[in-house]
Amino acid sequence: MQQLPHHYTARAEGQPTGTLTTRVEGLETLQVAAPKQFDGPGDQWSPEDLLVASAADCLILTFRAVASASRLDWLNLACEATGTLESVERITRFTELHLEATLEIGPGESAEKAERVLVRAEQACLVTNSLNTKTQLHVNITGG
């Protein structure tokens, strides 16, 4: 890992109507629109989708590092993230984030150890640590 601080830059452009074009240098351009819940088309990524997906992605990437350091033999981790958007004191924001993690561990691995490693990964996830949102992790362990 490179020394901190890290800096990340994205550029978004849009006109009075239609989709936004979102770019990060060296990556594929994304077309982004309002979600269906905000009268958007519902067939493109939205900022809300990207935020919730980032939490799921970050959990898995953080788990990779924590599992490696813990010498946990694992085969697959799937994470379904669900964000709850509400109006709190007339401000629309995510109030809860539920992460449903299903981890398949290798033969002979302990489900208890695997769950501890997964919880540590959730506690170290930079995306959820950066949000002012209650995060709940639900763990399902298979294999072993």
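Modeller: Happy to! The protein chain has three helices and six strands, where helices (H or I, at least four residues) and strands (E, at least two) are DSSP runs numbered from the N terminus. Along the sequence they follow the pattern β-β-β-α-β-β-α-α-β. This is a predicted model, so local features need pLDDT of at least 70 and side-chain atom pairs count only at pLDDT 80 or more, while totals for chains, interfaces and linings use all residues. Residues are numbered from 1 along each chain as its sequence is written, and side-chain values use heavy atoms, with hydrogens and water left out.

Let's zoom in on helix H2. H2 covers residues 111-124, 14 residues in total, and its first and last C-alpha are 20 Å apart, close to the 20 Å expected at 1.5 Å a residue (the expected span is 1.5 Å times one less than the number of residues). Its buried residues are Ala114, Val117, Leu118, Ala121 and Glu122; buried means under 20% relative accessible area, exposed over 50%, and partly exposed in between, with a 1.4 Å probe and protein chains only. Because these residues cover an arc of only 140° around the axis, they sit on the same side of H2 (the arc is that of the directions from the helix axis to the C-beta atoms). An α-helix has 3.6 residues a turn, so residues three or four places apart point the same way. The face of H2 turned away from the buried side carries the exposed residues Glu112 and Gln123.

What covers the buried residues of H2? Among the elements that do are H1, S4, S5, helix H3 (126-130) and strand S6 (134-143), with contact meaning heavy atoms within 4.5 Å.

Two of those covering strands belong together: S4 (residues 74-88) and S5 (residues 91-105) run antiparallel, joined by 14 bridges; strands pair if DSSP finds at least two bridges between them. Thr84 stands opposite Glu96 in S5. S4 and S5 form a hairpin with two residues between them, and Glu89 in the turn has a positive phi of about 50°.

A search of the whole structure finds one aromatic pair. The ring centres of Phe63 and Trp74 are 4.9 Å apart with planes at 75°, so the pair is edge-to-face (rings of Phe, Tyr and Trp, with its six-membered ring, pair if their centres lie within 6.5 Å; planes under 30 degrees apart count as stacked, over 60 as edge-to-face, the rest as tilted). Phe63 is in helix H1 (residues 47-69) and Trp74 in strand S4, eleven residues apart. Phe63 counts as buried because its relative accessibility is 0%, whereas Trp74, at 23%, counts as partly exposed.
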